[in-house]
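Please look over the sequence and the structure below.

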Amino acid sequence: YWLIPTARGRGLIDRFLWIIEEKAFNILKLKHIILGIDVDNIASRRVAERNGYSLDGISKSSRAWADGSFHDECEYSKLKSEWVKENKNA
């Protein structure tokens, strides 16, 4: 996900992520969702953590950038069972 700067800070990504989770778990019947986030992207890491994703680990030099360089990537995940528990009253 990416938002233009003027749209940031309004909770749009949080709402978007919930919609994606709802579709992924209830319609596609996925068992888990994985988010790959550049280790230096603190804002995106906060979004993942704020929305109940767990940091599973960091993959070294696994994210390729357009300039040909490689960067470390955080892997966050959420299980369907965790989502159901979070949204039992939804």
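A residue counts as exposed when its relative accessible area is over 50%, as buried when it is under 20%, and as partly exposed in between. Lys29 has a relative accessibility of 54%, so Lys29 is exposed. This residue sits in the loop that links α1 to β1. Its backbone deserves a look as well: Lys29 is not a glycine, yet its phi is positive, near 60°.

The model is predicted. Its protein chain contains three helices and three strands, and read from the N terminus the order is α-β-α-β-β-α. The chain has 90 residues, of which 27% are buried. Along the principal axes, the C-alpha atoms occupy a box of roughly 45 × 30 × 20 Å. Taking contacts between residues at least 6 apart in sequence, 57% are between residues at least 24 apart.

The largest nonpolar core is made of 14 residues, and Ile33, Leu35, Ile37, Ala48, Tyr53 and Tyr76 have the most contacts inside it. Two or more residues come from each of α1, β1, α2 (42-50) and β3 (70-79). The largest contribution is that of α1, with four residues.

Tyr53 is one of the core residues with the most contacts. Which residues does Tyr53 touch, leaving aside its neighbours within four places in sequence? Its partners are Leu17, Glu21, Ile33, Leu35, Ala48, Tyr76, Ser77 and Lys78.

The surface comes next. The protein chain exposes about 6300 Å², and 57% of this area is supplied by carbon and sulfur atoms. One nonpolar patch on the surface is formed by Tyr1, Phe16 and Ile20, which together have about 280 Å² of accessible area. Of these, Phe16 belongs to helix α1, residues 12-27. Phe16 is classed as partly exposed because its relative accessibility is 42%. Where Lys29 lies in a loop, Ser61 is placed in strand β2, residues 54-64. With a relative accessible area of 45%, Ser61 is partly exposed, whereas Lys29 at 54% counts as exposed.

Key. Residues numbered from 1 in each chain as written. Predicted model: local features only at pLDDT ≥ 70, side-chain atom pairs only at ≥ 80, totals over all residues. Heavy atoms only, no water. Patch = residues over 30% accessible without salt bridge, like charges linked within 9 Å, V, L, I, M, F, W, Y side chains within 5 Å. Areas by Shrake-Rupley, 256 points an atom, 1.4 Å probe, with all protein chains shown as cover. Salt bridge = Lys/Arg side-chain N within 4 Å of Asp/Glu carboxyl O. Buried < 20%, exposed > 50% of the residue type's maximum accessible area, 1.4 Å probe, protein only. Core = buried A, V, L, I, M, F, W, Y, C linked by side-chain atoms within 4.5 Å. Contact = heavy atoms within 4.5 Å.
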